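Please consult the sequence and structure shown next.

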Amino acid sequence: MKEFLKQAASVRPSARQLAWFDTEMYIFCHFGVNTFTDREWGDGTEPESVFNPSALDCDQWVEAAKAGGFKGIVITAKHHDGFCLWPSAYTEHSVKNSPFKGDVVKEVADACRRGGIKFGFYLSPWDRNSKYYGTPEYNDYYCNQLTELLTGYGDVFCVWFDGACGEGPNGKKQQYDFPRYVE
């Protein structure tokens, strides 16, 4: 027992852990097609045409976050409905086919940089729109979208995962490859 206590007492956080700790509080912005359908969870059949944030002002989001003492924003880049807030090359169920035609993820990331706060994103592993969900190919699909987000928007302080795992459009559940996602 003494050896365990000695080892436990010598544990020190890494620089990365300290940076996360220093973030203290951040906002999780759940924004997407559900904002326009007034539903908590979409089912993946929502028409892209419902997504049209005509007065989107991500700088205002950042100012509100900062006024509340928050040091970062995590945007829901894709929720369980599969709708992507960026023009993903891997699905048609995204902003590229909406009246908005912009890139919400980019607007949030840029606003965070201008406002001096951290940027992160949530990418739901459950995708009720993807035909690949419930197949081995889905892990490739998910990694491709994760790569788009990790390589197209600058510094990312947080990638938020959860384990949501429901049935897809093919009636199958997915076996997630979380070790690959993290790598």
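How much space lies in the largest cavity? The largest cavity holds about 50 Å³ of space. This is a predicted model, in which local features need pLDDT of at least 70 and side-chain atom pairs count only at pLDDT 80 or more, while totals for chains, interfaces and linings use all residues. Residues are numbered from 1 along each chain as its sequence is written, and side-chain values use heavy atoms, with hydrogens and water left out.

**Cavity**

- The count is 1 cavity of 30 Å³ or more; a cavity is a set of points on a 1 Å grid over the protein atoms alone where a 1.4 Å probe fits but cannot get out.
- Grid points are joined across faces, edges and corners, and a volume is the space filled by probe spheres set on the points.
- Residues lining the largest cavity include His30, Phe31, Asn34, Lys78, Asp81 and Leu85; lining residues have an atom within 4 Å of a point.
- Helix H3 (33–37) and strand E2 (72–78) are the elements that give two or more residues to this lining, and E2 gives the most, with 3 residues.
- Helices (H or I, at least four residues) and strands (E, at least two) are DSSP runs, numbered from the N terminus.

**Helix H5**

- The 12 residues of H5 (residues 104–115) should span 16 Å at 1.5 Å a residue, and the end C-alpha atoms are 16 Å apart, in agreement; the expected span is 1.5 Å times one less than the number of residues.
- Val104, Val105, Val108, Ala109, Ala111, Cys112 and Gly115 are the buried residues of H5, where buried means under 20% relative accessible area (1.4 Å probe, protein chains only).
- Seen down the axis of H5, these buried residues fall within an arc of 165°, so they line one face of the helix; the arc is that of the directions from the helix axis to the C-beta atoms.

Technical notes: On a 1 Å grid over the protein atoms alone, a cavity is a set of points where a 1.4 Å probe fits but cannot get out, and a pocket is an open set with protein on both sides within 12 Å along at least five of seven lines; lining residues have an atom within 4 Å of a point. Buried means under 20% relative accessible area, exposed over 50%, partly exposed in between (1.4 Å probe, protein chains only).
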